[in-house]
Structure formats: C-alpha cells, structure tokens
Amino acid sequence: MFSMREIYLDHAATTKLKKEVLNTMLPFLTEQYGNPSTIYTLGREAKKAIDKSREQVAKALNAKPNEIFFTGSGTESDNWAIKGIAYANKEKGKHIITSNIEHHAIIHTCKFLQKEGFDITYVPVDNEGIINLEELKMAIRPDTILISVMLANNEIGTIQPIKEISKIAKEHRIYLHTDAVQAVGSIPVDVEDLGVDLLSLSGHKIYGPKGVGVLYIKSGTKISPFIHGGGQERGKRAGTENVANIVGIGKAIELATKDIPEYSAHLQQLRDMAIEGILKQIPHTRLNGHPEKRLPGNVNISFEYIEGESILLMLDSKGISASSGSACTSGSLDPSHVLLAIGLPHEIAHGSLRLTFGEENTKEDVKYLLETLPPIIEGLRKMSPLYNQS
Amino acid sequence: MEGYSNKVMDHFMNPRNVGEIENADGVGIVGNPVCGDIMKMYLKIEDNVIKDAKFKTFGCGAAVATSSMATELIIGKTLEEALDITNSTVAEALDGLPPVKMHCSNLAQQAVKAAIEDYKKRNGKK
C-alpha cells in the first residue's frame, strides 16, 4: 500500500488518547495494580489516585468531588441519570420530558421506561435544532419528575439553552439532566452556571480513554443506585474501579478545560473555513444546524441527489475519515432521527456529511478537504438518477 | 461496521456501465429516495438478447456495486437468462455483501426485471 495523507475529521465519534494522559494511566495498568477498597499501601495508593481524579473532574465542572461518580461510559451515565431518577421518584410521578434530537443513549432509555409504565414527552426542535421552550413549558405536568436535554448535539452541533431550561425546571421543582458528552472541552461547562442537577460526560471524546464516563449528581438529588454490589462510588455504582481509566479521565478533563477559548478558536477557524469553502464551491448544498449556536468543531452539510455512505467511502479512499447521517451508516432503513427532526426530507438527510475537527487538524487539512470533496460530489451526482445536469 | 469485499469496493470505485442509453429499448426504475436507494436501468435489446446495459444509481456503496455487477452479468444474455439472475447471483458475484446490505442486491435484480418488463410492454409481449 502506498502512503497516503490521513486526515481524521470524526472527533465527535472519538478522539486520540493523549500521550500525557496515557502516561498517567500506565502505572495503574502495571505496578500500581492494587484494589482501591483494600487497606494496605498498594490499595491506598490506588484509592488516592481515584480521589485525585474525582477532584480534577469536580474542578473542571465547578462541582464538589462528592458529586462526581465514575461510570463505564457516557451511555452508562445517561442510562443511570434517566433510570435512576425515574425509579427513585416514581412515587412523585412517572412523567419525563426530553427532546426529539437526543442521543440514542437517552432516547432508547426513555423508550425502555415507556414499556415500564413511564410517560415520556419528546419536545420538538426548530429547523436549526433548538428546542422549543414554549412546548417544553406546556409539556410540564404535576407528575413530571425529570427534564433531560443535551447541552450540544452530536450530529449537528446545536447548543441548547440549558440555562433557560434550568429556570423552568427550578420553577416547577423538576430535576434537570444534561448530556454534555459533546460539549465538554469545546465550550465552558459549569454545573452551577448551567443550573443542572445531573450531567453526563465521556472520557474518549476529550482525548481520554474509552470505557469511562462521569455522572455528576448534585448533592441532595434523589437517585437510585445503578449497579448493585460492593460499596464503590458510595454504594451507587458497584464494581471494582477501573483505576487506570479513572485516572485517565481526570487528566484528560484537566487538559481539555485548561484553555477552552484557545482550543475553541482553533476549531472554529477550521470549521468556518470548511463550511464557507464547501457551500461556495459545491451547489445544491445546505448547512444543517444553527449557524452560530453550534459546537466550534462541527460541520454538518447535506448534498442533494447523493447518498452519504458513498461520500464517506470516496473520502476514505482519499484518506479522510468522516461520518454521515444516512441510513446505510446507521444500520437501519431510516436516516438520522436528528436530521429528520430538523425537518429535512428523507432524501436530503441521506446525503449528509458530518466533519468534526480536533486538536491535530490544520488549515492544510481543510485545504486538502476542499480540493478532494468537490470532484467526489460531482462524480457521485453524475451517477445519480436524481441529478439533472444542465 | 462490517466491511465490503474487495470486489464490491472495486465496482463502487470503478463502476462499469454508468450512464444512460439514448433510445433504450427498456428502462426500469426501482427504489425510492425515502429509503435512500434508487436504481435506473437502461437496456438495448436486439433479437431477444441484451446488447448493452447502463445504469444510474442513488445509494450507498453496495447499491452502486450491485448495479454495476448486474449490468456486467446481463450483457450478452437472452432475456430469459437475464431474468434467471437472482439477487444472490449478484451478491455472490461480488464475493458477498454484509447482511444489512442484501436488500441492495435485491434492488439490482428488480431493476433488471423492471427494464425487461418495460421492453416487453412496449413490444406488446405481456
């Protein structure tokens, strides 16, 4: 195989583990193997490392260490938040409000609870992906126990007005959860400022390890334990701690939140260059999501007359890794529920391309993308029976 | 995601017989944009034999590759032989398809069938 340029533009899917993060993890995969629940030095050292990570995460989110709980993934954090609040508060009510563009970790958990007798309202979003606050208010009932709305969307990058939602939730004494998996590291995330009771995040989206997440649970929140067993995570999430991963997520979030303005400006420069270039060079194209209230590294564009997987395969053959909301890439017959929720017709949703930038990307990468993409789109359109060349 | 065979990738990257046939003797169009797959098949038919076939496809890698392979399989065949080609013939000729993509081979076979039916209809043979 000849050498080829390789450009990774799928940071919303996962990120590359930082060397610095790996180095903090390695001792706990080798010599420092103690079980944190034990009393001798080896165990105490491991416990100390977990405590340190908890402090790092707490500091990054402006929370207290005892409000930070380690989980196995962002998905687990979402599951715990929704099911944990539902089970612990079902005497008060069985109604939950969420949006119709949440990650599957939320939507599928809500669908599961529906089968268990809970009632879920999925509040719609406008055509830029912002939740309709009036409909959210109208959805509130005396038996509403939880509102869960993501901070930033994983596909179109739209940032939700969580602070305003928090005011509404507080007024009605309803718990508020936010899935901040895509937001942490890219925009400031302060649990006090946002006014949330629960917040999910994931390690591998912030240059940390896979297989570890965090659920922030505000002190005094009534929530059921998620995994029953020993006393780990204060009896709420049992199982011997994944010490290396926990150490890794602590270091990762410390690094990721060190200088958000600088990182965000870097991403935004690449994002805007890509959006502008693509929309200018390629006709029959539209930007999905909000033009300003969007994650600094997120590009989501639909190309009419063609299908997303074909674009991805062609880009891959030129060394570019990207993502799409087409049905063929989701393994189902329907395209992305997010793209349908913002009102795209099926055929336009099938032709979407998501590019998400990260730390190592450069302007050169965007230039290469802008040279590579137009002929690919043109080639696929020539093959399409929907495209009328004139 | 489960990967494509080299043959599928070859037919996707270098599709055979892409395009349209002017004054085609039979044209078939199957699928719909809602599902993300549309195939349009053009046939040139002489003395009951498919002399030429061209296609245009809106769809994923498998949809393009199966269209391309289907045209290769039917050119030079009689209409009866072409109708005997099943979706698994197309898939096997491509060294297999991931399970979720099998419907694409179905579509290719249906496009051929639709184009032949169109030809028969035009010639009052139905």
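**Exercise 1. In chain B, what percentage of contacts between residues at least 6 apart in sequence join residues at least 24 apart?**

Solution. Start with the term: two residues are in contact if their C-beta atoms, placed from the backbone, lie within 7 Å. Among the contacts of chain B that span at least 6 positions, 61% join residues at least 24 apart. For chain A, with a separation of 6 or more, residues 24 or more positions apart account for 71% of the contacts.

This is a predicted model, in which local features need pLDDT of at least 70, side-chain atom pairs count only at pLDDT 80 or more, and totals for chains, interfaces and linings use all residues. Residues are numbered from 1 along each chain as its sequence is written, while chains are lettered from A and ligands numbered from 1 in the order in which they are written.

**Exercise 2. State the confidence scores of the model.**

Solution. The model has ipTM 0.92 and pTM 0.94. For chain B, the mean pLDDT (the predictor's confidence in each residue, from 0 to 100) is 93, and 98% of the residues reach 70 or more.

**Exercise 3. Describe the make-up and overall dimensions of each chain.**

Solution. Step one is to count elements. Helices (H or I, at least four residues) and strands (E, at least two) are DSSP runs, numbered from the N terminus. Chain A has 14 helices and 12 strands; chain B has 5 helices and 3 strands, in the order α-β-β-β-α-α-α-α from the N terminus.

Step two is the radius of gyration, taken over C-alpha atoms; the globule rule is 2.2 Å times the number of residues to the power 0.38. For the 390 residues of chain A, a compact globule would be near 21 Å, and the chain has 22 Å, which agrees. For the 126 residues of chain B, the rule gives a value near 14 Å, and the chain has 14 Å, which also agrees.

Step three is the box along the principal axes: roughly 75 × 55 × 35 Å for the C-alpha atoms of chain A, and roughly 45 × 30 × 25 Å for those of chain B.

**Exercise 4. Locate the nonpolar cores.**

Solution. A residue is buried if 20 or more other C-beta atoms lie within 10 Å of its own, exposed if 12 or fewer, and partly exposed in between, with C-beta atoms placed from the backbone. By this count 52% of chain A is buried, and 44% of chain B.

A nonpolar core is a set of buried Ala, Val, Leu, Ile, Met, Phe, Trp, Tyr and Cys residues joined through C-beta atoms within 7 Å. The largest has 83 residues, and A:L61, A:V214 and A:Y216 have the most contacts inside it. Helix 8 (residues 243-256) of chain A gives the most to this core, 9 residues. Apart from this core lies another, of 65 residues, among them A:A274, A:L355, A:L373 and B:M41.

**Exercise 5. Where does B:V18 lie, and is B:V18 buried or partly exposed?**

Solution. B:V18 is in the loop between helix 1 (6-13) and strand 1 (26-32) of chain B. B:V18 counts as partly exposed because 17 C-beta neighbours lie inside 10 Å. Not counting residues up to four places away in sequence, B:V18 touches A:M383, B:K54, B:F55 and B:K56.
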